[in-house]
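Work through the exercises below with the model open in a viewer. Each task is followed by a solution in steps.

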Amino acid sequence: MTTPPTSTRAAVSTHVDTDSACAPLSFEAARHLTDAIRITVSALHVLVHRAYVGKAHLALGYGRWADYVGSEFDGMSRARSYQLLGQHEVIAVLSEAAGTDVSDVVTEKAARDIKHRLDLVATEVAEHSTGLTDRDQVLTVVAEVLNVTRRADADSLNRMPSMAQLRASQGRGTSSDLWYTPRTAVAPLLGILPPPPLRVWAHADVRGRSHIVDVLEEAGYEVVCSDLSTGQDFFSFTRADVEAMEVDVAITNPPYSVRRLWLSHLVDLGIPFAVLVPETGVGEWAFAPLRAAGAEAGMLLLNRRIAYSQRWDAKPLGNPPFSSGWICRGMLPPGQQLVFGEVPASF
Ligand SMILES: C[S@@+](CC[C@H](N)C(=O)[O-])C[C@H]1O[C@@H](n2cnc3c(N)ncnc32)[C@H](O)[C@@H]1O
């Protein structure tokens, strides 16, 4: 972590009348104070965005945005700063669609919930606010579109595939293919991924049922999901589909029984990728597709065995008899085909 060469922080004071600081507030004073807090809190994304695009971290002598954020803002995580940047982007797009500033109705949580469908939401907002001249009406429309989108997402989560569907979804695989990856296995990946903004295709993952998706989103990455159980067969994706999705990298823990075919198809798609696979016999089953990927192929080697779970959010099962690693293409630093990743005990 880098720290600025000299600290020249200005003395900033938040004036509070100490004589009456503990006295109960009148209705007007409480209203005034509450409004001031709301304005300050809701302006945070504007300030963080300004600092980000203006590279405030470099101006203050920090090498990395994460160091600047963590040090200047009392431990604010990089992920939190990216959530605020995400909120800023959503507000900018929806304000443009609505023809007015909609920041009053787009909370950070709402922005995060709908960001993966931002284009669609913006189209809805534009359609429903056309012709409205009253700003309050436009804000009501935006709030409603956000609510409907979030409710629809929640409903589809509640309609999660049944076990039978999930088993059937293994496509060319078998029922023993359904293993959930723990958060700890995803942590080392954050060490090799380029910093956000980056659009990740979690290509065998269901949102709400994948720690891969959770960890990447928490770290500020934009994640697009697809899975056979939600109707998308990975093997039916073509290069053109992948280009149209505008994803930068593909990441997942693929079904074990079709790992060889999976890897070949990924290489054919031409996208950079990282897939979590058992190392057992890797030289055998991954040999041909990896050789086809040439110097871009590589491996993120893990120092601990990964235990998976067969039920969502259940404890991972016992001591796995095999090691796992992330097979990559186009993800490791140039000239490196082997990178060492430490799996944290908890994450
Ligand atoms: C080993 S599980 C991994 C689940 C999740 N990615 C994780 O890491 O926790 C394999 C996943 O691949 C999905 N799957 C199996 N065959 C598939 C196919 N042909 N296309 C897309 N997804 C498939 C299954 O539905 C399952 O979600």
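Predicted model: local features only at pLDDT ≥ 70, side-chain atom pairs only at ≥ 80, totals over all residues.

Residue numbers start from 1 along each chain as its sequence is written.

**Exercise 1. The chain**

Task: state how many helices and strands the chain has, and what share of its residues is buried.

Solution. Step 1: the secondary structure consists of 15 helices and 7 strands, where helices (H or I, at least four residues) and strands (E, at least two) are DSSP runs numbered from the N terminus. Step 2: of the 347 residues, 32% are buried. Buried stands for 20 or more other C-beta atoms within 10 Å of the residue's own, exposed for 12 or fewer, and partly exposed for values in between, with C-beta atoms placed from the backbone. Step 3: among contacts with a separation of 6 or more, 69% join residues 24 or more positions apart; a contact requires C-beta atoms, placed from the backbone, within 7 Å.

**Exercise 2. Strand 6**

Task: determine how strand 6 is paired and whether its residues are buried or exposed.

Solution. Step 1: strand 4 (residues 273-278) runs antiparallel to strand 6 and is joined to it by 6 bridges; F273 lies opposite R329 of strand 6. Step 2: strand 5 (residues 297-302) also pairs with strand 6 in the antiparallel sense, over 5 bridges. Here M299 is opposite I327, and L300 has W326 as its bridge partner. Step 3: 6 of the 6 residues of strand 6 (residues 324-329) are buried, so the strand is largely enclosed by the rest of the structure. Step 4: both faces are covered, with S324, W326 and C328 buried on one side and G325, I327 and R329 on the other.

**Exercise 3. Helix 5 and helix 7**

Task: describe how helix 5 and helix 7 pack.

Solution. Step 1: helix 5 (residues 78-98) and helix 7 (residues 118-129) pack at about 30°, with axes 8 Å apart. Axes are lines fitted to C-alpha atoms, for helices over the stretch in contact, and angles run from 0 to 180 degrees between N-to-C directions. Step 2: the two helices are therefore roughly parallel, the class for angles under 35 degrees. Step 3: helix 5 contributes V90, V93, L94, A97 and A98 to the contact, and helix 7 contributes L118, V121, A122, V125, A126 and S129.

**Exercise 4. E144**

Solution. Step 3: the C-alpha atoms of E144 and V105 are 9.7 Å apart, at 39 residues along the chain.

Conventions: Parallel < 35°, antiparallel > 145°, perpendicular 65-115°, else oblique. Contact = placed C-beta atoms within 7 Å. Pairing = 2+ DSSP bridges.
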